[in-house]
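Here are my notes on this model. Please read them with the structure open.

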Amino acid sequence: NKTPVILALDPDAKQKTQKIASLLSSFDVDVKTLDISPYGDIGEMPLGVLKDMLPLAKPWTINDRLLSLISTIKSGSIL
């Protein structure tokens, strides 16, 4: 139904967030991502905090996935 989606996964699930966002976007779904830091999980948030954070969700683009993949590349010398 092309319902807009806001992904608010745990901060340690960034790769999974990118993968899900990419999949949904491939079906022409509008996707936004929400960084829930400093909380480790939505379940840790006090009541009402999530509602206040939702306007901070950022639209997801394929560039976000590319930047995420690039950031995982390890290069350079180890001293």
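1. Ground rules. Contact here means heavy atoms within 4.5 Å. Residues are numbered from 1 along each chain as its sequence is written, and side-chain values use heavy atoms, with hydrogens and water left out. The model is predicted: local features need pLDDT of at least 70, side-chain atom pairs count only at pLDDT 80 or more, and totals for chains, interfaces and linings use all residues. Helices (H or I, at least four residues) and strands (E, at least two) are DSSP runs, numbered from the N terminus. Buried is under 20% relative accessible area, exposed is over 50%, and partly exposed lies in between (1.4 Å probe, protein chains only).

2. The sheet. Three strands form an open sheet in the order β1-β2-β3, with mixed pairing. Two strands pair if DSSP finds at least two bridges between them. The edge strands are β1 (5-7) and β3 (58-59), each of which pairs on one side only. β1 and β2 (residues 31-33) run parallel and are joined by three bridges. Within this pairing, Ile-6 stands opposite Lys-32 of β2.

3. Helix α1, its length and its faces. The helix has 13 residues. From first C-alpha to last it reaches 18 Å, close to the 18 Å expected at 1.5 Å a residue; the expected span is 1.5 Å times one less than the number of residues. Its buried residues are Thr-17, Gln-18 and Ala-21. The face turned away from the buried side carries the exposed residues Lys-16, Lys-19, Leu-23 and Ser-26.

4. What does the buried side of α1 pack against? Its buried residues pack against β1, β2 and α3 (62-71). Take them one by one. Thr-17 counts as buried because its relative accessible area is 10%. Thr-17 touches Leu-7, Leu-9 and Thr-33, with residues up to four places away in sequence not counted. Gln-18 sits in α1 (residues 14-26) and is buried because its relative accessibility is 11%. Ala-21 is at 0% relative accessibility, so it counts as buried. Leaving aside neighbours within four places, Ala-21 is in contact with Leu-7, Val-31 and Trp-60. The C-alpha atoms of Ala-21 and Leu-66 are separated by 12 Å, though the two residues are 45 apart along the chain.

5. The nonpolar cores. A nonpolar core is a set of buried Ala, Val, Leu, Ile, Met, Phe, Trp, Tyr and Cys residues joined through side-chain atoms within 4.5 Å. The largest has seven residues: Ala-8, Leu-34, Ile-36, Met-45, Val-49, Met-53 and Ala-57. Another core, of five residues, lies apart from it; among them are Leu-7, Ala-21, Val-29 and Trp-60. Ala-8 touches Leu-34, Ile-36 and Ile-42, not counting residues up to four places away in sequence.

6. Backbone points to check. Most residues other than glycine have a negative phi, and most peptide bonds are trans. Asp-28 has a positive phi, near 60 degrees, and is not a glycine. Asp-28 lies in the loop between α1 and β2. At 52% relative accessibility, Asp-28 counts as exposed. Separately, a cis peptide bond joins Ser-37 and Pro-38, with omega at about 15 degrees. Pro-38 is in the loop between β2 and α2.

7. Asp-35: buried or exposed? Asp-35 counts as exposed, because its relative accessibility is 53%. Asp-35 is in the loop between β2 and α2 (49-53). The side chain of Asp-35 makes a polar contact with the side chain of Ser-37 (2.9 Å). A polar contact is a pair of N or O atoms within 3.5 Å; within protein, one must be able to donate a hydrogen and the other to accept it, and residues adjacent in sequence count only if both atoms are side-chain atoms. Asp-35 and Leu-7 are 28 residues apart in sequence and 8.8 Å apart in space, C-alpha to C-alpha.
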